[in-house]
Amino acid sequence: MANRDTTYLGNINLKPAGVNIEFTEEQVQEYLKCQQDPLYFIKNYIKIISLDHGLVPFKTWAYQDNMINTIHNNRFTIAKLPRQSGKSTTVIAYLLHYVLFNSEVNVAILANKQATARELLYRLKLAYENLPKWLQQGIIEWNKGNISLENNSKVLASSTSSSAVRGGSFNMIFLDEFAYVPENVADEFFSSVYPTISSGKETKVLIISTPKGLNMYYKLWRDAEEGNNSYVPVEVHWSEVPGRDDKWKKETIANTSASQFRAEFECEFIGSQNTLIDPSKLKCLAYRKPIAERDDGFVQYYPPQEDRSYFMSVDVSRGRELDYHAITVLDITEMPYKICAIYRNNELAPMLLPNIVNAIGHIYNKAWCLVEINDIGGQVADVLYNDLEYENLMITSVRGRKGQTMDGGFGSFQSQLGVRTSPAVKKLGCALLKDMIEGDKMLIEDYNMIQELTAFVSKKNSYEAETGHHDDLVMTLVLFAWTTSQNYFKELTDLDIRTKLYQDKIRQIEEDLAPFGFIDDGSSDDTFVDNQGTRWSVDNDNDNMDW
């Protein structure tokens, strides 16, 4: 029977704090090897649960070795891996090495759900229990949500949120399946917690996930690939996992679907297949680095130029940290249209928005401005026009069954400052926006705008944002696209987008039509017979067809 003084709360696999163990000379050498080389420690002393064989030694594969070395040698690591590739097990094994051989370090295991985070901690504890006692640190705390070791190192498991680790001091944070953390939670986490982590000189941040849409994980990954942040990217292809070949791929697709395989195993970032913009086009959209950016949500990509014309599209919200006020400034001098600047803010009071619109409009040569007047948007347009006297505000008229048209207020029908987003306006705007983006008539280079487009999906004969996403910036584009169909806009800009799109479609159709050729019946090398039995031949003397 085990001595209670050498066990932790009756668990014979753990030793409590204060228990001294005499090392043999061989154990001292092994301890030093493990301390200096995480891979040696993991391959020789970590055990994991196998679905087929139960508790077995952790025999790592080549890509797992690369992951461990990258994490060990860098402060910031971001990894993109397919499903069921052993990514969590690999990281947990490294975290165990980290807390065993480093004193007074705090580690946070954060996942999209608390239950998932605790499951990861359970795996770490299981591996710990199967270590020889001479490699263990004495246990001070051993709970479902955290453990504390005799060397004053600790591990916490929680869901990814700003409150989970706020106020704490952490040497390493592991964000598991970060692509599945809700957008607002991910934004809040990085804005409130990340600065305290990155302030240290040796602190580590590890982000690992399978992609899911264009979100913060996507942005961090893309920036890492392009060298725009400090993260070192690690990518694993499904074929690197032993046992996965073309036969396995075909079987997996047959049991699921091709789109699901692309998302979960090919690690494609585009998740939804019923987006307004074709997924193949969304994959090609690339955001650019702004030339100027303010804390209030103003982002500038191209500065104003005296000889160019600009257009502002404004979507108004209630400013209660839900939907966003959105302003998009486009250069409409020529096609493709370019997005010069955007403004996106969900805290600003609606009655302060006209001042923002007025200021941005004057920067961009008193840009033509269209305000969406659903809900409280009408008040914004009224203040902009009557109080701030912004001259280039677009006016529409309601023409009964014909709906709304843009005429500058010169018609005999009921006029309004701005446009109401009716089903008809939205339907036409969505159709034209799709043609413009897919036909390269508009350049989309803003990260938030691309993100919204990937979640702007078909719902009930219309398009709107998926649950948990926003579409305020997209709606500014929808309104602009609708504007391009109006004769008044064409007169202002001398650009007829619908005609140009039609001409491009016709040109594409003509290019796709293969020319008809002659069919050789094989009767001769230089003759053939048509359907009427007439034999045709080549006049070699004139090098022309003998008609």
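I began with the largest pocket: helix H7 (183-192), helix H9 (216-225), strand E15 (337-345) and helix H16 (447-454) each supply at least two lining residues. I took helices (H or I, at least four residues) and strands (E, at least two) as DSSP runs, numbered from the N terminus.

This is a predicted model, where local features need pLDDT of at least 70, side-chain atom pairs count only at pLDDT 80 or more, and totals for chains, interfaces and linings use all residues. Residues are numbered from 1 along each chain as its sequence is written, and side-chain values use heavy atoms, with hydrogens and water left out.

Next I checked who contributes the most to that lining, and H7 does, with six residues. By class I found 13 nonpolar, eleven polar and 16 charged residues; Ala, Val, Leu, Ile, Met, Phe, Trp, Tyr, Cys and Pro count as nonpolar, Asp, Glu, Lys and Arg as charged, and the others, Gly among them, as polar.

Last, I looked at helix H15 (residues 423-438), which has 16 residues. Among its buried residues (under 20% relative accessible area, 1.4 Å probe, protein chains only) I noted Val425, Gly429, Leu432, Leu433 and Met436. After H15 comes Asp440, with a positive phi near 60 degrees.

Terms used. Expected span 1.5 Å × (residues − 1). Buried < 20%, exposed > 50% of the residue type's maximum accessible area, 1.4 Å probe, protein only.
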